[in-house]
Amino acid sequence: MALTGFTAVGFIGLGAMGKHMAEHLANKLPQESQIYVYDVVNTVMDELAAKYPGKITAGTSPRNVAENTVCAHVKTVFLDETTGVCTVDLQDRILIDCSTIDTETSLLVKQHISDHHPSASYYDAPVSGGTLGAQKGTIAFFLGCSSTDPNLGLITDLLSLMGKKVIPCCKPSLGLAAKLCNNYLSGLIAIASSESLNTGIRAGLDPRVLSHVIAAGTAQNAICDDYNPCPGVVPDAPSTNGYQGGFKVQLMKKDFSLAMQLAESVGSNLVLGQPGLDTYIAAADDPRCRDRDSRVVFRFLGGDETWASKFSD
């Protein structure tokens, strides 16, 4: 891929997924490209700057990143009157927000930028694929713009350095709407998969066999295939590593709640919504589950994590 126009790129937010995404940029952008990063945790910035000397520079604030670059993350980051991105001249800049927030806030930020920086372009582009996908560079971006947007080609070139798919979702904020719909469904699938696996184990089924059955049948899903909630079924799934890494249960609670707010705002009836949200609220408050991957609902629902002792290889 011939990469042009990326002499300076800014990246704000170096959490579980963001750090991996920034590293993909550092590894794949031309050597002369400069990447300015910012996070509230100084150590993660310093670590990346030390790992990629001359390529990654630690910023002092979102404003500092904006003074040097293009990219981005949420309301305070953009609109803070002292340190926000929008306090500098954004002429002809492209700003991409990969966070998962409510659509109203995203539209508010976009309108502010349109009003005060008319030559700048702001896009919502939330991601899906989890920390494993971010690490492997296989995540998908749901981009809030049409397939005819004049910046789509340039944005696709940049985002493709960090993921496999860039899907235009028609217009502003609909990238976020798509992500919330996706996470709502993903959250429900994780609960249903956990219930099914737990039931199967209790009935005498080896969860590895049951997972093969699910993969071959009409219930096949990416959660069981790649993030199986039952420990020991998928070797590199967070569940097999004590539910470490992955997508924290608190974040699923947050996204699930945002999805329900979106549904309410558009008049969509969610029969499974409240039970699902109640499950993630309770799991997020459970000390056995908090700060662990959201598929820890298997543990929360009483799933047997010692099943291997009951089944021979």
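The side chains of Asp 236 and Lys 136 meet in a salt bridge, with an N to O distance of 3.5 Å; a salt bridge is defined here as a side-chain nitrogen of Lys or Arg within 4 Å of a carboxyl oxygen of Asp or Glu. The model is a predicted one, in which local features need pLDDT of at least 70 and side-chain atom pairs count only at pLDDT 80 or more, whereas totals for chains, interfaces and linings use all residues. Residues are numbered from 1 along each chain as its sequence is written, and side-chain values use heavy atoms, with hydrogens and water left out.

The protein chain is divided into domain 1 (8–171) and domain 2 (177–310), the bounds coming from an automatic or database domain assignment. Taken over C-alpha atoms, the centres of domain 1 and domain 2 are separated by 29 Å. Domain 1 provides 15 residues to the contact and domain 2 provides 14, contact meaning heavy atoms within 4.5 Å. About 1100 Å² is buried between domain 1 and domain 2, 58% of it on carbon and sulfur atoms; buried area is the accessible area (1.4 Å probe) that two parts lose on being put together, summed over both.

Across the interface of domain 1 and domain 2, the rule finds 1 salt bridge. Across this interface there are also 7 residue pairs in polar contact, both residues being at pLDDT 80 or more. A polar contact is a pair of N or O atoms within 3.5 Å; within protein, one must be able to donate a hydrogen and the other to accept it, and residues adjacent in sequence count only if both atoms are side-chain atoms. On the side of domain 1 that touches domain 2, the elements giving two or more residues are strand 6 (127–128) and helix 6 (130–136). Helices (H or I, at least four residues) and strands (E, at least two) are DSSP runs, numbered from the N terminus. Helix 6 gives the most to this side of domain 1, with 5 residues.

An open sheet of 3 strands has the order 6-7-8 with mixed pairing, two strands being paired if DSSP finds at least two bridges between them. Strand 6 and strand 8 (163–168) stand at the edges, each with a single partner strand, so one side of each has no neighbour in the sheet. Strand 7 (residues 139–143) runs parallel to strand 8 and is joined to it by 5 bridges.

The structure holds 10 salt bridges. Glu 23 forms one with Lys 51, the closest N and O atoms being 2.7 Å apart. Glu 23 lies in helix 1 (residues 18–28) and Lys 51 in helix 2 (residues 42–51), so the pair ties together parts that are 28 residues apart in sequence.
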